[in-house]
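Colleague: I am new to this structure and would like a close look at a single part of it. Please take me through one chain's fold and then whatever it leads to.

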Amino acid sequence: MNEVAAVLICLLGGLAGGLVGVGGGVLFVPALAIFLGLSQVESESTSLLMIVIVAAIGAARQRGYGNVRVREGLLIGALALPGVLLGVAASNWVSERLLQLSFAALALFMAAQLVRRARSTYAAGGRGRG
Amino acid sequence: MPSEAGSLPSERTLRLAAIGFLAGLFSGLFGVGGGTIIVPLLIFWFGFGERLATGTSLAAIVVIGLLGALFQGGFYGNVHVVTGLLLAIPAVLGVVLGVGIQQRIPQRAVSYLFAALLLGVAIELILK
């Protein structure tokens with residue numbers, strides 16, 4: 001039963017990944033931790049393996065539709081490493097609660113901006129570039 | 001793409017670097033995936049359409065994931081390889097389905113879905 005739940009949640013994670021361009025880890029980690037009993041570290045590491053596979057196949061499919069700028073994507077990915085290192089170090093200096101609440105605020109701000117932009121861009125028959 | 005011809009390559013590179021750096025920073029700080037940052041910033045800063053932003057984000061995530069795995073000391077050790085590969089099967093089915101559906105819905109719907117995802121992330125972080 002738990003395995004079925006894990007499979008369904010991973011299917012949903014992949015679906016979300018394809019629809020909105022994220023890796024799906026937000027669903028893979030709880031599926032592994034809650035339904036299969038892996039520890040948090042094991043879940044995150046195993047999720048990373050799944051994310052790489054899912055993102056690679058998703059990117060290949062999107063490329064078939066002409067929706068990938070390969071050079072830009074690779075550059076963003078490669079330049080993320082110094083950010084990750086700083087982020088991991090900084091997370092030990094700053095209160096975790098403060099970090100969670102700040103990112104929640106940022107996420108809400110970006111959500112509002114996306115909706116605002118989508119409404120104005122596509123309102124009068126306009127369309128997004130790209 | 002009009003935006004490509006109009007702006008200096010160095011400025012583009014700097015903005016791409018900023019997106020990569022911020023995506024990495026937030027993954028390191030909050031443990032959220034880079035896509036949460038990459039997709040909105042490609043839309044806001046580069047004027048990418050939703051489909052182009054999400055496709056390019058997936059390509060970036062492959063690299064971030066590989067680098068993250070290398071930095072953690074490889075995929076072995078903490079990774080349950082068999083479990084990961086088995087669960088990757090429904091996940092891959094999902095992503096193929098998701099990408100296919102995305103081509104058939106209006107781009108604005110992708111923005112709304114992404115906003116809903118961000119809302120969910122915010123609520124989860126607040127309730128933690």
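Modeller: Read along the sequence, chain B of this predicted model follows the pattern α-α-α-α-α-α, which amounts to six helices and zero strands. Of its 128 residues, 51% count as buried, and among the contacts in chain B between residues at least 6 apart in sequence, 46% join residues at least 24 apart.

Chain B also takes part in the largest nonpolar core, which has 79 residues and in which Ala91(B) and Val54(A) touch the most other members. Helix α3 of chain A, residues 40-64, gives the most to this core, contributing ten residues. If one sets aside the neighbours within four places in sequence, Val54(A) is in contact with Ala88(B), Ala91(B), Val92(B) and Val95(B) in chain B, and with Gly14(A), Gly17(A), Gly23(A) and Gly24(A) in chain A. In soluble globular proteins, nonpolar side chains tend to be buried together.

Chain A also holds helix α4, which runs over residues 70-91 and, with 22 residues, reaches 31 Å from its first C-alpha to its last, close to the 32 Å expected at 1.5 Å a residue.

Terms used: Residues are numbered from 1 along each chain as its sequence is written. Chains are lettered from A and ligands numbered from 1 in the order in which they are written. This is a predicted model: local features need pLDDT of at least 70, side-chain atom pairs count only at pLDDT 80 or more; totals for chains, interfaces and linings use all residues. A nonpolar core is a set of buried Ala, Val, Leu, Ile, Met, Phe, Trp, Tyr and Cys residues joined through C-beta atoms within 7 Å. A residue is buried if 20 or more other C-beta atoms lie within 10 Å of its own, exposed if 12 or fewer, and partly exposed in between; C-beta atoms are placed from the backbone. Helices (H or I, at least four residues) and strands (E, at least two) are DSSP runs, numbered from the N terminus. Two residues are in contact if their C-beta atoms, placed from the backbone, lie within 7 Å. The expected span of a helix is 1.5 Å times one less than its number of residues.
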